[in-house]
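My notebook for this one, opened at the page where I start looking things up.

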Amino acid sequence: MALLEATGITKRFGGIVALDAVFVAVEPGEAVGLVGPNGAGKTTLFDCLNGVQHLDSGEVRFAGRRIDRLPVYERARLGIGRTFQRLELFAGMSAREHLMVAERVHRGDGRLWKDLIGRARAAQPVPRVEDLLAELGLKEVADDPIESLSQGHGRLVELGRALVQDPLLVLLDEPSSGLDTRETAEFGTVLVRLRDRRATAMMLVEHDLDLVRSVVERIYVLEFGKLLASGPVDEVLEDEAVRRAYLGDLR
Amino acid sequence: MTEFLSYAIPGLPYGCVFALMAVGLVLTYQTSGVFNLAYGAQAYASALVFYVCVNAGWPNWAAFVVAVVLVAPLLGLAMDRFLYRFIRSARVLVKLVSALGMLIAIPSALALIFGNQQRLAPPALWLPPGSVYFHLAGDAINGTELSTVIVTLAVVLGASLMSHFTQIGLRMRAMAESPRMVQLAGINSERVGIAIWVLSSFLAGLAGVLLAPLFADLQALDFTDLLVAAIAAAALGSLTSLPLAFWGGIGLGVVQELLGGYLPSGTVLSSGLRPALPFVVLLGLLLALPGLRERWFHDDPLSRCDPPPPPMATTIGGYGFKGALRVARWAVLFAFFVSCLTWVPGNWTFTLTQGLAFSIVFLSIVFLTGMSGQISLCQASFAGIGAFTCGQLAGHFGVSVLVGILAGGALAALVGVVVALPALRLGGLALALATLAFGLLADNVGFQFSWSGNGDSGVNIPRPEVGSLSFASGKAFFVLACVLLAACSAVVLAIRRGTTGRELAAMRGSELAAASIGTNLAKLKITVFAVAAALAGIGGALYGSLQGTVAPDDFNSLLSLVFMVVVVTTGVYTVEGAIQAGMAYVVLYQLLDYLPSQWSNLFPILFGLGAVTYALHPEGIVEWQKRRAIEIVADWGKHPETVG
C-alpha cells in the first residue's frame, strides 16, 4: 500500500485553478520527483499535502489514514517533514538548536509542567542531533547564529530539522535554489545517501534536472496545475510533451 | 423620527472630527507603511498651542495659523524626516514601539514647555459656542457645532478638489494607491510623501482644534481616545479607502450619540458603552474583516528581514569571566536585599517594593514580547484584574490576601485565554490594536462596576497576614515581594530553558516552520497569553496590596503603553531586563519627585525617546550599555597593559 496517496487534488485561488485534479502517490522509502515550469503548482501541492493550504476538493491519505482535514502540526507528528523554497529558519537560534527543538517536539517533550518541575534538562548533547549534524557536515557551524550561515548551510539545517524527527516522508521544495554547483552536488550526495537507507520516502521539487536524475526513480510533471506525465525518470524526461513544457517549442 | 434626529444631530461634530483623523491616518499608513499611533498626540499639540495663543490675547485667526498651519505640519514633518522615514521597512514591533514612544513623549514635552496646569474651557475656533444659531429637530445648534461641520466640509471639499485637479493631488492619490508604482513611474516619491505628511498633520491639527471645545478641559488622554475612534473609522475603510474612512468617522460619531440617547441614562451601560463604542467597533472589525487581517499580515516583504540580535551581556567572555560576573551579580542582589532591610529609609523601601511589583508585571512583557514575539498593549489591564480580584475577595469574602494574589493571577490568566483567541488569527499590528481596544474597554466599562474596579473610589486591598505572621510593615512586605518576584522569575526561566521555551523561540522565528515540525501554535499562543496575564495579575495584586487602595486609573490603558515602552527601552529579552525596567521605572519617578513638579514630565519623555532607539538597539539600552561595559572589562582582562 502506498505511504502517501493524494487523489483529485484541486485548489483554486479566486478564479485561478492552481491545481486541477492532481494525483500523486509515494511508496514507503521511495524517492519521487516533482518537476514543472514556474507557476505549475508544485509548491501549492506541497502546501496542500502538509496542510498549509486547505483543499477545495480531493483526498489525501497518509499511512492508511485520511489527513486532508488535519492541521499542519498534526500531519507533522504523523511523519510528514518539509523544507521550504524560501528558507524558513528560526531567527536567533543556532543550527544545533534548530535540530534540538525539532527533536524535543518529536519526543513529545513539550508539556509545560515538565518544564516547570525541571524534567526537561537543559542543553545536553543529544546523540541523534550530534550524529545528524556530523552527517550533514554542519559540525563546524553548529553554534553560529543562523543568520550568519550561507544559503547552502541554511538548506541543510532545514533538511536536518526535518530528518531529526525520523519522518516517514520528507517534502523537499527546491533545495538547490540559491546554491552553487558544488553545494548542489554535495546536497545531492546527502539525498542519495538518504534514499539508499530506504527509511524515509522523499518527494523532491527541483529545477536542476541533473540533481533530479541522480536522486529519484520516479517523476511527476506538472504544468498549469495539471498532471502532464508520470513514470520512470528517463522515460518521462524524453517524452515530447514534457520537453515542450519544460524547454519550450524548439522548432 | 424627530427623536432619532435630535439624538443623531449632536453626533455630527464628533463624526466630523473622527472623519478628519481617519482620513489623515489612512493617508500616511497607505503611503509610508507606518501606522502613526502618535497621531492623537499631534492633534493634542495643535489644540494646546491654539489654547495658549488665544489665552495670550492673540486673535483666533493668528492662533489658528500658528497652531494648525505651522506647528502641526512641522511636527508631522519632523517625525517623518527624523524617525518614520528610517523605519519604513522595519518589523511591526519596531514601528509600533517607535510610534508609541512619540505618543507618550509629545504630550509630556508640551507639558514641560507650557506647564501642566488645568486648562478649562478650550476656546472655539470660529463661531462663539454660547450663541445658538438655529434649531434643527429640536436641537439648539450652537456655534461650536456649526463651525465644526462647516470647516470640515470646506476642508474636505478643498482636499478633493486639490486631489482631482492639481498635479500634486494626482500624485498623492497615486501614491496612496501604490507607492512602488509611483516610484517606477519616475516620480520623486519622497517629495510626494512629504506633501502627504504635511496634509495629514494639518488634518490632525484641525481635528484637534475642532474637538477641544467639545470637552470641559484640555487633556491629553481625551486625544488618545480620539485616536482609537479614528482607527476604528479607518478600519471601516479597511485602512485603504479614504471615502469609506471618512463616512465611517461620521457614522461612528452619530451612532455614539444615538447610543447615549437611547440607552437608559445613569447606568454603567450608558456611561460606559458610549465612549467604548469605537473600541468595540474596532475589535469587531479586526475579527470580522478577513481583508484587514490579510493585509496586516503580509504588510511588507522586507519586514521579516531582521539582523541577528547582538549577544547578550551574560554570554560574553570565557568561563572564568562568566563565573566572576555571576558572583558579582549575586553580590549586588545580596547587598540590595540587606540594605533595604537595614539602613534604607522607609519611603525608599516603599519605592523599591513598588519596583519589585512592577518587575513582575514587566516580566509578563518580557515573556510575551521578548520570548514569544507576541504583542499585547493591555498588560496593565491584566494587572488591574489581578488587583481588583484580590481586593474584592479579601473585602467581601474574607479570603486571605496571599490566596487573593494568586486568585488574581488565576483570573487574569482566564481572561488572558479569552484575549488570546483573537491572537490566534491576528498578528503584528492587528493584534496590537485589538489588545489596545480590549484595554480601553476594560478601562471604560469593565473596571467601572462596584464588583470590579469600583470606578473612581477604587478597591481596598489590605496587607497579607498568614496566621501570626503579618506582612503589614514595610520591611516584611519587601521580603514578600522579593520572594514573589523570585518565584515568578524562576517560572519564566524554567519555561525558557525547557522545551516550551524552545518552541516559543521557534514560533518567534518562523510560525510556518514551527508548525511544520509539529508545534501546536494555537495551544502555544494560548499558553503564552495565559501565563503572561497571570504574571501581570500577580504583580498588579501585589502592587495593590502595597498601596492599600487602587482605582481603575492606576491601571489605565495609557499605562499599558508606557509599560511596553519602558520594557523595550531597558531590555525585553531577559528576566534581568524586566527587573531593571521595574527598578528604573520607580527610581526615576522618585528622583524626579525631588525636582519642581513640571519636571516629572521628563519621565515619559526619557522613555519615549528611549523607545525610539529600539529600532537601533532591539536588545534595550541598558542591555546594550551593560554589554559594552562588560566587553571593556573583558578586554582589559585579556590585555591589561593596553588599557590605561
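This is a predicted model: local features need pLDDT of at least 70, side-chain atom pairs count only at pLDDT 80 or more; totals for chains, interfaces and linings use all residues.

**Domains of chain B.** I looked up the domain assignment for chain B, and it gives domain 1 (2-303) and domain 2 (318-633). I then took the C-alpha centres of domain 1 and domain 2 of chain B, which lie 32 Å apart. How many residues does each domain put into the contact? I get 43 residues from domain 1 of chain B and 37 residues from domain 2 of chain B.

On the domain 1 side of chain B, helix H5 (92-114), helix H10 (220-236), helix H12 (268-288) and helix H13 (290-297) each bring at least two residues to the face that touches domain 2. H5(B) has the largest share of that face, 16 residues. I sorted the domain 1 side by class and found 34 nonpolar, 7 polar and 2 charged residues.

**The core.** Next I went to the largest nonpolar core, which has 280 residues. Which of them touch the most other members? They are Met21(B), Ala22(B), Ala230(B) and Leu282(B). Helix H22 (residues 521-547) of chain B provides the largest share of this core, 15 residues. Both domain 1 (2-303) and domain 2 (318-633) of chain B give residues to the core, so I note it as lying between them.

I followed up on Leu282(B). Setting aside neighbours within four places in sequence, I have Leu282(B) in contact with Val228(B), Ile231(B), Ala232(B), Ala235(B), Leu433(B) and Ala437(B).

I checked backbone angles here. Ser238(B) lies in the loop between H10 and helix H11 (242-262) of chain B, and Ser238(B) has a positive phi of about 50 degrees although it is not a glycine. Leu239(B) lies in that H10 to H11 loop of chain B too, with a positive phi near 65 degrees, again in a residue other than glycine.

Is Leu239(B) buried or exposed? I count 24 C-beta neighbours inside 10 Å, so Leu239(B) goes down as buried. Ser238(B) has 17 other C-beta atoms within 10 Å and is therefore partly exposed.

**Hairpin in chain B.** Strand E1 (residues 132-136) and strand E2 (residues 139-142) of chain B pair in the antiparallel sense over 4 bridges. Phe134(B) stands opposite Ile141(B) in E2(B). The hairpin of E1(B) and E2(B) has 2 residues between the strands, and I noted a positive phi near 50 degrees at Ala137(B).

**Six-stranded sheet, chain A.** Over to chain A, where I traced an open sheet of 6 strands with mixed pairing, in the order E6-E7-E8-E3-E9-E10. Why do strand E6 (80-82) and strand E10 (226-232) of chain A each have one side left without a neighbour in the sheet? They stand at the edges, each with a single partner strand. From one strand to the next the twist averages 20 degrees.

Inside this sheet, I looked at strand E7 (residues 169-173) and strand E8 (residues 201-205) of chain A, which pair in the parallel sense over 5 bridges. Leu171(A) has Met203(A) in E8(A) as its bridge partner.

Leaving out neighbours within four places in sequence, Val32(A) is in contact with Val26(A), Met203(A), Val216(A), Arg218(A), Ile219(A) and Tyr220(A). I count Val32(A) as buried because there are 22 C-beta neighbours inside 10 Å.

**Four-stranded sheet, chain A.** I also traced an open antiparallel sheet of 4 strands in chain A, ordered E2-E1-E4-E5. Strand E2 (16-26) and strand E5 (65-66) of chain A are at its edges with a single partner strand each, so one side of each has no neighbour in the sheet. Strand E4 (residues 57-62) of chain A pairs with E5(A) in the antiparallel sense over 2 bridges, with Phe62(A) opposite Arg65(A) in E5(A).

**Where A meets B.** Last entry: the contact takes 35 residues from chain A and 27 residues from chain B. On the chain A side, helix H2 (72-78), helix H3 (95-106) and helix H4 (112-116) each supply at least two residues. H3(A) gives the most to that side, with 7 residues. By class I logged 18 nonpolar, 7 polar and 10 charged residues on the side of chain A that touches chain B.

Notes: Residues are numbered from 1 along each chain as its sequence is written. Chains are lettered from A and ligands numbered from 1 in the order in which they are written. Two residues are in contact if their C-beta atoms, placed from the backbone, lie within 7 Å. Ala, Val, Leu, Ile, Met, Phe, Trp, Tyr, Cys and Pro count as nonpolar, Asp, Glu, Lys and Arg as charged, and the others, Gly among them, as polar. Two strands pair if DSSP finds at least two bridges between them. Axes are lines fitted to C-alpha atoms, for helices over the stretch in contact, and angles run from 0 to 180 degrees between N-to-C directions. A nonpolar core is a set of buried Ala, Val, Leu, Ile, Met, Phe, Trp, Tyr and Cys residues joined through C-beta atoms within 7 Å. A residue is buried if 20 or more other C-beta atoms lie within 10 Å of its own, exposed if 12 or fewer, and partly exposed in between; C-beta atoms are placed from the backbone. Domain bounds come from an automatic or database domain assignment.
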